[in-house]
There are 2 protein chains.
Amino acid sequence: MAKKADQYFRVDPWKVIEEGFDPAYARVSESVFSLANETLGVRGCFDEGGSVDSLRGAYMNGVYDIQALPKSYRGIVDKTHFMIPAAEWLATKITADGETLDLGKARFHSFLRVLDMQSGTLERSFVWQTAGGKAIRITFLRFLDRTARERAYQRVTLEALNAPADICFASGLSFDVMHEGYQKCFWQTPRLQASDGMLMAQCETAASGQTVFAGALLSLAYKTEACTDERGAYLCARFTLEKGQKTSIDKRVVILYDGTGGETLWSHGLKALQRSREVSLDEALNAQRAYWDAFWRTLDIKIDPSDEETAEAVAAEQQGVRFCSFQLAQTYNGGSMRHNIGAKGLTGEAYNGHAFWDTEACCLPFYLFTNPEAAKSLLMFRYNTLPQARERAKMLDCKGACYPIATLNGEEACSLWQHASLQLQPSTAVAYGIWHYVHVTGDEDFLWSMGAEMLLEIARFLASRVEKGAETGKYGFFGVMGPDEFHMMVNNNAYTNYMGKRTLSLAADTLTEMRSEKPQAYALLAEKTNLSEDEILSWAEIADGMFVPMGENGLIEQHDGYFNLPHTDIHSIPVSQFPLYDHWSYDRIYRSDMIKQPDVLMMLYLYNSSFSGDVKRVNYDFYEPRTIHESSLSPAIHSILAAELGKMEEAVRFFGFATRLDLDNYNRNTREGLHITSIALAWVNIVYGFAGLRSDGEGLSFAPRLPERWSRLSFSILYRGRVISVRMETEKTAFALAEGSDLPVRIYGRECVLTGTECFFPAGG
Amino acid sequence: MAKKADQYFRVDPWKVIEEGFDPAYARVSESVFSLANETLGVRGCFDEGGSVDSLRGAYMNGVYDIQALPKSYRGIVDKTHFMIPAAEWLATKITADGETLDLGKARFHSFLRVLDMQSGTLERSFVWQTAGGKAIRITFLRFLDRTARERAYQRVTLEALNAPADICFASGLSFDVMHEGYQKCFWQTPRLQASDGMLMAQCETAASGQTVFAGALLSLAYKTEACTDERGAYLCARFTLEKGQKTSIDKRVVILYDGTGGETLWSHGLKALQRSREVSLDEALNAQRAYWDAFWRTLDIKIDPSDEETAEAVAAEQQGVRFCSFQLAQTYNGGSMRHNIGAKGLTGEAYNGHAFWDTEACCLPFYLFTNPEAAKSLLMFRYNTLPQARERAKMLDCKGACYPIATLNGEEACSLWQHASLQLQPSTAVAYGIWHYVHVTGDEDFLWSMGAEMLLEIARFLASRVEKGAETGKYGFFGVMGPDEFHMMVNNNAYTNYMGKRTLSLAADTLTEMRSEKPQAYALLAEKTNLSEDEILSWAEIADGMFVPMGENGLIEQHDGYFNLPHTDIHSIPVSQFPLYDHWSYDRIYRSDMIKQPDVLMMLYLYNSSFSGDVKRVNYDFYEPRTIHESSLSPAIHSILAAELGKMEEAVRFFGFATRLDLDNYNRNTREGLHITSIALAWVNIVYGFAGLRSDGEGLSFAPRLPERWSRLSFSILYRGRVISVRMETEKTAFALAEGSDLPVRIYGRECVLTGTECFFPAGG
């Protein structure tokens, strides 16, 4: 891979530390220092703003606006929606002796910025040396409440080190926030109020009809002046800081969107703000630490190096793994079924906050084994947006439900028709996710009450989209784009066909079982959806007759004609030409055997137990050298398969990329936000890759393969009321149940039963 | 074909006549009644405007504006340009006794609108019955000067039939014209002048930096008032028309764009306006008649019916054929090498006035055999825009020159990347056009001075775009869209590969010949273009190794995998679903074996002599039933091949569509403008189809096949200083040279020599 790691942050087991400030790296740092609590998210931008390059984003999950698109052909979306920055609640302005703090211009030293993953806080401190010769230490602390998710906190501490200073301190709430791509503020009809110690602001979006309320309580020991401007409310205090004096200003913030808007939201907001008085910032901070403490106690992944030589690299991996778990849990932890997981979470505006099929294909395993309720909530999001998916199928001249490739609200938001209309993987991924969730959790209630209906509508969509090849007489999907987005409008994409086959089978089996097991529920569903038994039979028939292009040696042709595509030697592409989308003409990307991300290998990963080791090996050996990994999702899948195939060197190499993708700005675009869905795969990479967990067969199985540079890897997963502890060491792996009743599993292919007592398995089985 | 003819206009050998007015048909009529003189064009809209549905377009060839497009991927255009309506010079307002003439609201009778193809005039007359009971006969005459192409004329005649009437007559020039698609007037910084008897107006485009001057002289026998508004200048006269009195107002107009703009253009315009005083409207009208008389004397195609039964249908065809020749000669007759032929000529804003590859692929034969200088001018347009084509190739990461799929000024204007980036046919069509032109005219000077350089750069482009199939080891073009625009991003499209093969051969042969025959010119060209002999050799090698997918039975697969595409029974598509682009989801159109227009058959048409009758038959029989003819270019090509294969019934059926495509509004979109490039194919259909002319072999050959319903078909073509007269009758065909020296040709495959004396060949040879 033509990718290179930056090494900017200090390695630490529990913190991400920036010592000194590099303005050229400012946006990358902002992304890495993002905080979120599922509802609110904020980039690590400077509270005081200034002239430093910055994407000053404070986001709110599910808050977006809508833009009409030029009228185009049928099936091509005529409007799109996108996450917009919401209330800017950190706004702070500090002047000393009339001089305004701006780290882009001022002199300063001892800059330190620390993200603490044990408390979920971001703290930044430095000594400001004013032009007038004053030295003032300033510390900014912020965090987003993990429990009362409408709450956020900021503490600013000022200390005059060498002389008294006349301070003017202003703090505000503002909706005067620009969406960077559109270069536009989408907030209108503001209602603003600023009075002693309290700020309130409420605004509406221009087109989506959403209203957001923001309120703040400020603990200012000084007399304040209140003011408002076009879209913001501010309080300002002037005071003298004596030499050696230190003062802190706490800001308790409430941000709400409840769909009511107007007066109701305003009074609701006011009440929420008053309730927030009950908790001090320090109390909230203690609660925050307790929350993360509990999280790590169960879900920490611990890695130890095998020797001195690898210690440094392994420490970086340890930090990377924790950063991934931390960011994932920040972004989504089951707190809402109205929201999904944006590809960049709440950390930037790239990809518009949209969720892709990554959710089911990449993120779900993390939740299945750490927080099954969150996994269910993600699937509930799909259930709740079934009406939009039905509408989308109609627009594509199909039946049933077609899930969007990119969405915040369930509607297709992707304006690139070649993705929105040709990629069937969101729908098959939802089906896979339903199956995987029920398979792992055993939650049949969900299956009968919601899963079956989704499966039915997805199958219906696929059956209306599938066609028979005129020569082969076999079913297949024509004119599609598989997971490998470097090949467009192809026929019989192996992934799409195979996933379609499995989805149709699953739907037929599920509905057939439902008819006999849950006749009443079945009857209601059949009536609601006008389902006939013939239709179920037709799904089975299509599944049986689906073309899956596997040769005698097990090699699967990615799509019709793939093997005859001109060969690109991916190693001959100069590093300077990445990302290819920026340097190659668009059409050029699409006409060789170079692939962007796993396609055949993706299906071998998802339906792992359905393919033999030989099939995996022949396909891995063929496709891996043709894959350029222009998707950040690519390396982890390769690492998992490489580990399974005993290619440990490759497995480790691909893994290195996965854990520190953003910490080391591998893809040169962390500045736009974190790769949240890729981050999910770092966890999967360890648990499925190195511990060899497989969850798509009967029960669970493990096949631990510890990378040489590690002496120990330990983690826990949740499974049907149990906590399974795994401790891999060089010679052996220890399994035990920290909670729950005995569990039969397979380890290295052998059946055994896990109990509360540790049992050991020699490495390699 | 699921197309149906409207029959609205009266059939007449030399005129198009509308008796009575159907407002629902107003826009179709406007298109059909379009006038043009290559430089200026005007739709048949009502001079007096009013509330009738109208696309009020007066256009000027080469006058366009530019619009930036959202930034997208590399190789996708970031701006587009489009023809805009220019000076509105017909603007007339008539009131009688204070009541304004508006045929959308007023009572009127005896409406008659006549396009006279022998004079190139449009005349409209009716009797207006005012609410006040007055009957006023009003006649509007207009024409565009064929010789002094900056000039246009309008005559308005008023006659009070039953009582005196107080008339207010206003006439103007206005740039206050809206582009219908953009809903925007692109004209700014007006300079306006209105004084006794004279109007002048000048405006600039918003982005393209073009300035247009319009001036008018009015022969008003009454006192006038002058005025101007935002973008227009007007004269108004008030007078009383006594009962029985008749008065005419002549307006002589000059419209100029000369690239100078500003003061220079204004004074240039003023002079041109003053010069136009030298010719009266009647004198100009006489000159106009003489021009068209000369045109028809040589180039008329005459058809006679075989009996009473077919007389009516044949009369309609006769009218249709003349309408086609008339509109083509109006649109382009070699008057400029700065302009090309827009798909809709100067008759509407659809397709933005853009020229496509239709020019070389469809229109060129008409000009080669009726006006070879015009054919040369069209190729000169391509030579003059070689710099833009070189630039475009670079944007596509290729070398050489890539000609645009849609353009007014040589730059690619097509914002649909799937067309602009994937269609190589504009470039191969230019190469074919150069070859065909030189082959037919023998104009080697053109070849060495310009053709060779274009061929070189096109070959270079193709050589940089071609790749080797990994399995076949054969050269081919991957990721293309052939002429059949229903299949996108396909590999080894037969047309593209074959045309590429022939183009590369032609370039290699031409440059090799040039090196030995014109060493000095070659040396200069080689230096200018950095051409090496190795490069020429590589073209020949690629041409030799090109994959052309012909099976043993001669059937050519349209592209890799075409034969396995799901079958669509095109006859099962309800008429209500046409045009498909409006009724099917975009992606759905692209995934079956249904094809839009000839692709394999197109290459069999262009390189007709290179393929056996068997190959043509097997491919015609396979592809014709799969072709939906959603391109208006499709039927004529089918008709020509059907005639060659002796399928006369089909040939006649497809031909019926070609000649009256717009007169009968077959495609339901004549309202947007005339299908000018399809119109060119009507001529080709007769001459190549029924007379069986072939010009791609050695010399000319004919194989006349007269449709049964015709008793006679006669026409003439120009060929290397000769006028060849052809008179086909049921039993025999007479050939003679009306001018020029003896000419060896082949007729029904037998060699013979045409002389000044008629010689006869029995039908069928």
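## Exercises on a two-chain predicted model

Contact between the chains involves 38 residues of chain B and 38 residues of chain A. Two residues are in contact if their C-beta atoms, placed from the backbone, lie within 7 Å. This is a predicted model: local features need pLDDT of at least 70, side-chain atom pairs count only at pLDDT 80 or more, and totals for chains, interfaces and linings use all residues. Residues are numbered from 1 along each chain as its sequence is written, and chains are lettered from A and ligands numbered from 1 in the order in which they are written.

**Exercise 1. Describe the side of chain B that touches chain A.**

Step 1. Find the elements. Strand S21 (467–468) and helix H14 (580–583) of chain B are those that give two or more residues to this side. Helices (H or I, at least four residues) and strands (E, at least two) are DSSP runs, numbered from the N terminus.

Step 2. Sort the residues. There are 17 nonpolar, 11 polar and 10 charged. Here Ala, Val, Leu, Ile, Met, Phe, Trp, Tyr, Cys and Pro count as nonpolar, Asp, Glu, Lys and Arg as charged, and the others, Gly among them, as polar.

**Exercise 2. Which rotation superposes chain B on chain A?**

Step 1. Two copies of a chain are related by a rotation about an axis and a shift along it.

Step 2. Read off the values. The rotation is 180°, with 0.1 Å of shift along its axis, and the RMSD is 0.0 Å. That is the relation of a two-fold axis.

Step 3. Compare the surfaces. The same surface serves both copies, as 100% of the contact residues of chain B recur in chain A.

Step 4. Locate the axis. B:Met489 comes closest to it among the residues of chain B, with its C-alpha at 3.3 Å.

**Exercise 3. Characterise helix H5 (residues 358–370) of chain A.**

Step 1. Check the span. H5(A) has 13 residues and reaches 18 Å from first C-alpha to last, close to the 18 Å expected at 1.5 Å a residue. The expected span is 1.5 Å times one less than the number of residues.

Step 2. Look for a bend. H5(A) bends by about 55° at A:Leu364, and the proline A:Pro365 follows within four residues. The bend is the angle between axes fitted to the seven residues ending at a residue and the seven starting there.

Step 3. In H5(A), 13 of the 13 residues are buried, so the helix is largely enclosed by the rest of the structure. A residue is buried if 20 or more other C-beta atoms, placed from the backbone, lie within 10 Å of its own, exposed if 12 or fewer, and partly exposed in between.

**Exercise 4. Where are the backbone exceptions A:Pro579 and A:Thr189?**

Step 1. Most residues other than glycine have a negative phi, and most peptide bonds are trans.

Step 2. Take the proline. The bond from A:Phe578 to A:Pro579 is cis, with omega near -10°. A:Pro579 lies in the loop between helix H13 (533–544) and helix H14 (580–583) of chain A.

Step 3. Take the threonine. A:Thr189 has a positive phi of about 40°. A:Thr189 sits in strand S14 (residues 187–195) of chain A. With 13 C-beta neighbours inside 10 Å, A:Thr189 counts as partly exposed.

Definitions and conventions:
Least-squares fit on C-alpha atoms with pLDDT ≥ 70 in both.
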